Amino acid sequence: MRLSELLDREVVRADGRSLGKVRDVRLVQDGPILAGGTQAALRVDAVIVSRGWRGVRLGYLRGQVRGPWLLRVTFGRLERGAHAISLRDLVWDEGPHLRLRSDEPDGHAGP
Amino acid sequence: MTGRVLYAGLELLDHQLRDREGRLCGNVDDLEIERSPDTGELYVTAFVAGPGALLQRMGRRRLGGWIERSNRLVNDPERDRNLIPLSLASRLGPNIDLAVDAEDLATSDTERWVRDHLIGHLPGNRHRAPE
Amino acid sequence: MKRFFAVFLGILTAIGGFVDIGDLVANSQTGARFGMNLAWAVVLGVIGIVVYAEMCGRVAAVAGRPVFDLVRERLGPRAGLANLIASFFINFLTLTAEVAGVAIALSLASSVSYLLLIPFVAFLVWLVIWRMPFETMERVFGLLGLCLLVFAVTVWKVGPDWGGLFHTASHPQVPAGETGFTYVYFAIALFGAAMTPYEVFFFSSGAVEEHWTERDLATNRANVLIGFPLGGLLSLAIMASADLILGPAGIDVGQLSQVALPVASVLGRVGLAVVLVGLFAATFGAALETALSAGYIISQYMGWMWGKYVRPRQASRFHLVVLLSIGAAMIFGLTRVDPVKVTEYSIVLSAAALPLTYFPILVIANDPSYMGDKTNGRFLNAIASIYLVILIVVSIITIPLLIITKGGSG
């Protein structure tokens, strides 16, 4: 399946309340070295969820881009609501939503 | 967490692919993910780039799928040409460097057609303009 | 010494290449109708393009990435596509206007109808792109464009009241017979003529074509910081000559020939010959740039191989797009569409579309993972941010103004 199928998916709590949409996906390169290559396997670790705007791609959330002040303030504020939810805390069935496992509060695993 | 952390949307999707000579060979249109039968974890196994791939990502699945299938019929019905295995990547920087030639990728299919049927017939198409 | 000469040549090329049909039409029309009351808009536009081009050149030299490459990467494919469609359409309008402009310049010299010359011009534009090396192309038409300095000579020869000119320029007001709406509309037109997006697509792709590295940054800065403002002065000379000659005679600029009128009336046949060469060079050079830009932006969005620095067959799709764009512009020009009107629309819509390409460049210019330690300094960021706000405001008010003023006729 394609990673784009994860993007823009709604994430809901067990009680049905929406936590926002998937804006980005965090990958960790901690798998075994791939056969025939030099790269380690890329594991899908967590989804970045936010209620607000799609600006997560710009790079202001993780402090990668520091300026100019005007944009950092504008997008930093918009991206502030974004948080990571580990894939282990989510159930991905055939439905349109990603569902939080029922015993997790809000699935905060850090930005 | 050991291992490099990458954000798919920020650092991989829509980034430029380059072949082993540094030639431009498409943008990353999507990523293929599979569940490992051993660990149950999801892994990114391939880049997706080629005719129809971007349309599929942007929601036009039928049109994109049709374009992709038509291209496969013409070029190589055996496998999904748009998949570029992750093991072929030599570097995941702002550009994604691949250890293959652009000619072997699906992203060159339309280039080849245009070259062989149109541009290749114009006089001077082989000449490097003298510097 | 050789290096100094190269830098000097680069600056001259930048000056001569600065003016295109948009600047010619906008500055002439404004000079005739508003005198020097809108000179500040040219100054505002020149500072804007200096900031914008410096960032693009730096991003291209340090990160090796031209503008549209980054648009899809940073804004995502959907927003990038909307951006691409808008930019391509406006670029296409500009290309049509430039091709028509070349044809008109040739027709003024030869008394052949410009419509008959359009196919010939289209073919010539394609041929030069196909065969002439990139740097040669820029140099030849940039330097020939310096013939437009004849406008400055015209102004000097008239011997105007310099104090009066400066006073009007520094104390702008809406002249009698014009409304506040047309005043702002033409300010936007001048602004858009100075800050044309294709200039930036071409400039940043050209930097990659010429394989700029960090060592070329100094040359880039010289071209931009010296060449562009001097090009702006040339634009003001065009405005002043229209103010001095066309204004009092009540001549409104509705045809390209009227742009050349001040020079012809003051300097006679020699002046006319020189200005026609300048007109030809400026519009032909701009036609090359917009045709290439059409290829650049589509290829960069799609990730295709692009550029003149490889053999044409190695960038076939890129060359096909360029060829088809020139062909389509030729066809559109042959429909007898008014070249001046097309020019007006292209510069005004260019102004409205500026935030689309300016914004991603501003973000990337601040991103250390692309730029290393060459990110924007605080001073530049402050000015660049102010301009972003200006561009967004301009973008919002342009279409309403276009409708209210009925395209400037008030």
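**Chain A and its neighbours**

In strand E6 of chain A, the residue that A:Arg99 takes as its bridge partner is A:Val12. This is a predicted model, in which local features need pLDDT of at least 70 and side-chain atom pairs count only at pLDDT 80 or more, while totals for chains, interfaces and linings use all residues. Residues are numbered from 1 along each chain as its sequence is written, and chains are lettered from A, with ligands numbered from 1, in the order in which they are written.

What does chain A look like overall? It has 1 helix and 6 strands (DSSP runs numbered from the N terminus, H or I of at least four residues for helices and E of at least two for strands). Read along the sequence, the pattern goes β-β-β-α-β-β-β. Of its 111 residues, 37% count as buried, that is, with 20 or more other C-beta atoms within 10 Å of their own; 12 or fewer makes a residue exposed, anything in between partly exposed, and C-beta atoms are placed from the backbone. As for contacts (C-beta atoms, placed from the backbone, within 7 Å), 49% of those in chain A between residues at least 6 apart in sequence join residues at least 24 apart.

Back to E6(A), which covers residues 97–100. Strand E1 (residues 10–12) of chain A pairs with E6(A) in the parallel sense, over 3 bridges; pairing takes at least two DSSP bridges between two strands. Strand E5 (residues 90–92) of chain A is also joined to E6(A) by 3 bridges, but here the two run antiparallel, and A:Trp92 has A:Leu98 as its bridge partner.

Now for the neighbours. With chain B, 28 residues of chain A are in contact with 25 residues of chain B. On the chain A side, strands E2 (18–29) and E3 (42–50) each supply at least two residues, and E2(A) gives the most, with 6. That side divides into 14 nonpolar, 8 polar and 6 charged residues (Ala, Val, Leu, Ile, Met, Phe, Trp, Tyr, Cys and Pro are nonpolar, Asp, Glu, Lys and Arg charged, and the others, Gly among them, polar). E2(A) also runs antiparallel to strand E1 (residues 4–7) of chain B, joined by 4 bridges, with B:Val5 as the bridge partner of A:Val28.

Chain C touches chain A too, with 11 residues of chain C in contact with 11 of chain A. Helices H4 (67–110), H14 (339–364) and H16 (378–404) of chain C each supply at least two residues of that side of chain C, and the largest share, 3 residues, comes from H16(C).

How values were computed. Two residues are in contact if their C-beta atoms, placed from the backbone, lie within 7 Å.
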